[in-house]
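The following exercises are to be worked through with the sequence and the structure at hand. Each task is followed by a solution in steps.

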Amino acid sequence: MLFLSEDAELTPLLRIGVGACAGIIAMSSTCPMDIVRGRLTVQTEMSPRQYRGIFHSLSTVFREEGPRALYKH
């Protein structure tokens, strides 16, 4: 683990690494919710599946299509 003193500055390479890690974490957490939001938005009364809410749609997609379905665009 990397511990820095309060007066230490991050090198440009370390800043790039930290930024990349932050981006990966952000995309990993928001992409599934974006998929769920899209499916809830486009469903109609005639849709083959009726999602009741965020958690229902998230669990249904995960169970029926697998975890990879939450990350496809």
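The model is predicted.

**Exercise 1.** Locate T60, decide whether T60 is buried or exposed, and list its contacts beyond the sequence neighbours within four places.

*Solution.* Step 1: T60 is part of helix α2, a helix that covers residues 54-65. Step 2: the relative accessibility of T60 is 4%. A residue is buried under 20% relative accessible area, and therefore T60 counts as buried. Step 3: with neighbours within four places in sequence set aside, T60 is in contact with R49, Y51 and E65.

**Exercise 2.** Classify F55 and I25 as buried or exposed.

*Solution.* Step 1: F55 belongs to helix α2, whereas I25 belongs to helix α1. Step 2: the relative accessible area is 69% for F55 and 57% for I25. Step 3: the cut-off for exposed is over 50%; F55 is therefore exposed, and I25 is exposed as well.

**Exercise 3.** Determine how helices α1 and α2 are oriented to each other, and name the residues that make their contact.

*Solution.* Step 1: the axes of α1 (residues 12-42) and α2 come within 10 Å and cross at roughly 105°. Step 2: angles of 65 to 115 degrees count as roughly perpendicular, so α1 is roughly perpendicular to α2. Step 3: on α1, the contact is made by P32, M33, V36, R39 and L40; on α2, it is made by I54, S57, L58, V61 and E65.

Terms used
Residues are numbered from 1 along each chain as its sequence is written. This is a predicted model: local features need pLDDT of at least 70, side-chain atom pairs count only at pLDDT 80 or more; totals for chains, interfaces and linings use all residues. Side-chain values use heavy atoms; hydrogens and water are left out. Helices (H or I, at least four residues) and strands (E, at least two) are DSSP runs, numbered from the N terminus. Buried means under 20% relative accessible area, exposed over 50%, partly exposed in between (1.4 Å probe, protein chains only). Contact means heavy atoms within 4.5 Å. Axes are lines fitted to C-alpha atoms, for helices over the stretch in contact, and angles run from 0 to 180 degrees between N-to-C directions. Angles under 35 degrees count as roughly parallel, over 145 as roughly antiparallel, 65 to 115 as roughly perpendicular and the rest as oblique.
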